[in-house]
Number of protein chains: 2
Amino acid sequence: MISKQEFIEKLRNSSLRPTKQRINICEVLFNRDKTFHFTINDLFNLIKDKTGEKVSLATVYNTVHAFHKKGYLKEIPINSNQTYFDTNVTDHHHFFDVKEEKLIDLKNEDVGPIEIQKSIPGKKIKSVEVLVKLED
Amino acid sequence: MISKQEFIEKLRNSSLRPTKQRINICEVLFNRDKTFHFTINDLFNLIKDKTGEKVSLATVYNTVHAFHKKGYLKEIPINSNQTYFDTNVTDHHHFFDVKEEKLIDLKNEDVGPIEIQKSIPGKKIKSVEVLVKLED
DNA sequence: TCGTTGTTTATAATTATTCTAAAGAAGATT
DNA sequence: AATCTTCTTTAGAATAATTATAAACAACGA
Ligand SMILES: [Mn+2]
Ligand SMILES: [Mn+2]
Ligand SMILES: [Zn+2]
Ligand SMILES: [Zn+2]
């Protein structure tokens with residue numbers, strides 16, 4: 001259970017003003033035991049449900065992108081009509097249950113080390129992500 | 001160099017009527033030495049450029065999805081505003097040059113075998129894809 | 001408290017994709 | 001070849017996620 005005060009400090013440390021809206025979003029995103037995979041719309045609805053206060057959709061977009069830029073959220077590469085984000089910002093891989101449209105974390109040891117044996121001159125590797133699609 | 005006749009047969013064998021539009025799209029997609037990564041818009045423009053005939057955007061969408069469903073095209077999971085497709089339908093992985101917005105094939109031996117050590121009850125693995133993002 | 005700067009919000013704009021329905025083309029049947 | 005049926009193409013409208021706009025508002029520092 002992270003305190004409101006800690007969120008305020010975290011925001012300040014990131015030169016983001018600790019507004020009521022951002023604190024609410026932090027509560028919904030980061031006061032959790034396990035990693036949270038979500039779309040903007042998931043989050044928008046959860047904020048209303050969990051805090052009882054409505055935050056405008058524009059602010060949800062703004063805040064998610066601010067957090068993403070600061071490295072507090074990760075974007076998951078899947079083809080979907082909506083973009084998925086993840087509160088687990090460490091390097092890790094995913095199952096994607098195509099039917100349920102749900103992401104599930106894979107630990108690195110569930111996948112094993114991946115060595116890329118090819119390189120492109122002038123480019124360096126930014127990330128290596130495995131997506132395992134699941135069907136019934 | 002695949003002949004028009006071969007495309008006609010391929011279409012017929014897939015219970016897709018060999019229309020002028022579909023044949024043109026086949027020429028642009030499949031008369032190539034190396035694998036082709038594209039967005040619908042790329043393809044739409046290339047058809048005009050390469051065949052001199054315009055195919056409506058709706059038909060490009062329809063045809064790409066028909067080919068996708070038949071297994072002649074693969075969809076590549078990346079977060080982009082547009083969906084990427086691939087004429088290489090074998091299991092393989094990708095570099096994605098974030099700056100250039102370009103996909104590059106990785107051979108399976110460039111990545112090595114990937115063993116997924118976790119399973120979800122009632123679900124089976126449909127695909128395993130590695131995406132390696134590149135930066136400068 | 002005041003001025004500055006950053007933030008929220010409703011709403012409009014943008015954009016990729018899908019839908020619709022009418023016109024056209026392909027294939028089958030006579 | 002004429003006819004019928006089914007599939008396909010097309011322009012344009014509809015949908016839906018995301019981004020832009022700009023005015024009201026809130027946080028901060030002096
Ligand atoms: Mn995750
Ligand atoms: Mn490829
Ligand atoms: Zn972002
Ligand atoms: Zn498709």
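Colleague: Starting with B:E129, which residue does it form a salt bridge with?
Modeller: B:E129 pairs with B:K74, the closest N and O atoms being 3.8 Å apart. The pair links distant parts of the chain, with B:E129 in strand 6 of chain B and B:K74 in strand 2 (residues 74-76) of chain B, 55 residues apart. The rule for a salt bridge is a side-chain nitrogen of Lys or Arg within 4 Å of a carboxyl oxygen of Asp or Glu. Strands (E, at least two residues) and helices (H or I, at least four) are DSSP runs, numbered from the N terminus.

Colleague: What should I know about the model and the numbering before going on?
Modeller: This is a predicted model, where local features need pLDDT of at least 70 and side-chain atom pairs count only at pLDDT 80 or more, while totals for chains, interfaces and linings use all residues. Residues are numbered from 1 along each chain as its sequence is written, chains are lettered from A and ligands numbered from 1 in the order in which they are written, and side-chain values use heavy atoms, with hydrogens and water left out.

Colleague: Back to that pair. Are B:E129 and B:K74 buried or exposed?
Modeller: Both B:E129 and B:K74 are buried. Buried means under 20% relative accessible area, exposed over 50% and partly exposed in between, with a 1.4 Å probe and protein chains only.

Colleague: How much area do the two chains bury between them?
Modeller: About 3,500 Å², with 53% of it on carbon and sulfur atoms. A:N79, A:K123 and A:E135 supply 19% of the area that chain A buries against chain B, more than any other three residues. Buried area is the accessible area (1.4 Å probe) that two parts lose on being put together, summed over both. In contacts (heavy atoms within 4.5 Å), 36 residues of chain A touch 37 residues of chain B.

Colleague: What rotation superposes chain A on chain B?
Modeller: A rotation of 180° with 0.0 Å of shift along its axis does it, at an RMSD of 0.1 Å. The two copies are thus related as by a two-fold rotation axis. In chain A, the C-alpha nearest the axis belongs to A:V130, 2.2 Å from it. The superposition is by least squares on the C-alpha atoms of residues with pLDDT of at least 70 in both copies.

Colleague: Which strands pair between the chains?
Modeller: Strand 6 (residues 124-135) of chain A pairs with strand 6 (residues 124-135) of chain B, in the antiparallel sense, over 11 bridges. Two strands pair if DSSP finds at least two bridges between them. A:K133, for instance, stands opposite B:S127.

Colleague: What does strand 4 of chain A join?
Modeller: Four bridges join strand 4 of chain A to strand 6 of chain A, running parallel, and A:H94 has A:L131 as its bridge partner there. Five bridges join strand 4 to strand 5 (residues 102-106) of chain A, running antiparallel, with A:D97 opposite A:K102. In the hairpin of these two strands, which has four residues between them, A:E101 takes a positive phi near 55°.

Colleague: Which way do the residues of strand 4 point?
Modeller: A:H93, A:F95 and A:D97 point one way and A:H94 and A:F96 the other, and all are buried. In a regular strand the side chains alternate between the two faces of the sheet.

Colleague: New topic. What are the protein donors of the manganese ion (ligand 1)?
Modeller: They are A:H37 (NE2), A:D86 (OD), A:H92 (NE2), A:H94 (NE2) and A:D105 (OD), lying 1.8 to 2.2 Å from the ion. A:H37 lies in strand 1 (residues 37-39) of chain A and A:H92 in the loop between strand 3 (84-86) and strand 4 (93-97) of chain A, so the pair ties together parts that are 55 residues apart in sequence. A:H37 is buried at 15% relative accessible area, and A:H92 is buried at 4%. Donors are N, O and S atoms within 2.8 Å of the metal (3.2 Å for Na, K and Ca); water is not among the atoms, so sites may look incomplete.
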